[in-house]
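Subject: Handing over a structure, with notes

Dear colleague,

Please find below the structure that I am handing over to you. My notes follow it, and I would be glad if you read them with the model open beside you.

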Amino acid sequence: KVANHIVDSKSLDRFDPQALANIVWAYATANVPHSKLFQKVANHIVESDSLDRFKPQELSNALWAYSAAGVRHPKLFQKVANHIVDSKSLDRFDPQALANIVWAYATANVPHSKLFQKVANH
């Protein structure tokens, strides 16, 4: 019911980044498939002007959820990778967040050499 309510919402603007990440993380962790929910959340994130509101852990948890659930959304992965690559520093990212992000890209089979290089050089 919760997922259907979210999917049926006209906008996800009332959800903060932590809520969005927690929602997809919870469904992935519980192994409850809901492709429409994952698509709705990913599309909302992709359509956002900026990912600056997202904390590293929120980005990490969201990407982990998509990979763990086996949900492909190339535009989401591209947007997050570009955001990280364009960041001046990765100092905000703790080792666990970086590990989860790299794991998510590898598991989803989404190559992004600039992202991997930036993480490797950190």
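How many residues does helix 3 have, and how far does it reach from its first C-alpha to its last? Helix 3 has 13 residues and reaches 18 Å, close to the 18 Å expected at 1.5 Å a residue, where the expected span is 1.5 Å times one less than the number of residues.

Before going further, please note that this is a predicted model, in which local features need pLDDT of at least 70 and side-chain atom pairs count only at pLDDT 80 or more, while totals for chains, interfaces and linings use all residues. Residues are numbered from 1 along each chain as its sequence is written, and side-chain values use heavy atoms, with hydrogens and water left out.

The overall picture

The protein chain comes to seven helices and zero strands, where helices (H or I, at least four residues) and strands (E, at least two) are DSSP runs numbered from the N terminus. For its 122 residues a compact globule would have a radius of gyration near 14 Å, and the chain, with 14 Å, agrees with this; the radius is taken over C-alpha atoms, and the globule rule is 2.2 Å times the number of residues to the power 0.38. The C-alpha trace spans about 45 × 25 × 20 Å along its principal axes. Of the 122 residues, 44% count as buried (buried means under 20% relative accessible area, exposed over 50%, partly exposed in between, with a 1.4 Å probe and protein chains only). Among contacts (heavy atoms within 4.5 Å) between residues at least 6 apart in sequence, 76% join residues at least 24 apart.

Helix 3 and Phe38

The buried residues of helix 3 are Leu37, Phe38, Val41, Ala42, His44 and Ile45. They cover an arc of only 160° around the axis, which puts them on the same side of helix 3; the arc is that of the directions from the helix axis to the C-beta atoms. Ser35, Lys36 and Glu47 are exposed on the other side of helix 3, whereas the cover over its buried residues includes helix 1, helix 2, helix 4 and helix 5.

Phe38, which has its place in helix 3, is buried with a relative accessible area of 1%. Leaving aside neighbours within four places in sequence, Phe38 is in contact with Val24, Tyr27, Ala28, Ala65, Tyr66, Ala69 and Val71. Phe38 and Ile6 are 32 residues apart in sequence, and their C-alpha atoms are 10 Å apart in space.

The nonpolar core

Which residues touch the most other members of the largest nonpolar core? Of its 40 residues, they are Tyr66 and Tyr105; such a core is a set of buried Ala, Val, Leu, Ile, Met, Phe, Trp, Tyr and Cys residues joined through side-chain atoms within 4.5 Å. Helix 1 (2-8), helix 2 (17-29), helix 3 (35-47), helix 4, helix 5, helix 6 and helix 7 each supply at least two residues of this core, and helix 2 gives the most, with six residues. Apart from neighbours within four places in sequence, the contacts of Tyr66 are Val24, Phe38, Val41, Ala42, Val71, Leu76 and Phe77.

Helix 6

The buried residues of helix 6 are Ala97, Leu98, Asn100, Ile101, Ala104 and Tyr105. Seen down the axis, these residues fall within an arc of 165°, so they line one face of helix 6. They pack against helix 4 (56-69), helix 5 (74-86) and helix 7 (113-121), while the face turned away from the buried side carries the exposed residues Pro95, Gln96 and Ala106. Asp94 caps the N-terminal end of helix 6, with a side-chain oxygen 3.1 Å from the backbone nitrogen of Gln96.

Two buried polar residues

His73 lies in the loop between helix 4 and helix 5 and is buried, with a relative accessible area of 7%. The side chain of His73 makes a polar contact with the side chain of Asn43 (2.8 Å); a polar contact is a pair of N or O atoms within 3.5 Å, where within protein one must be able to donate a hydrogen and the other to accept it, and residues adjacent in sequence count only if both atoms are side-chain atoms. Asn61, found in helix 4, counts as buried at 16% relative accessibility, and touches Ala21 and Trp25, not counting residues up to four places away in sequence.

With best wishes
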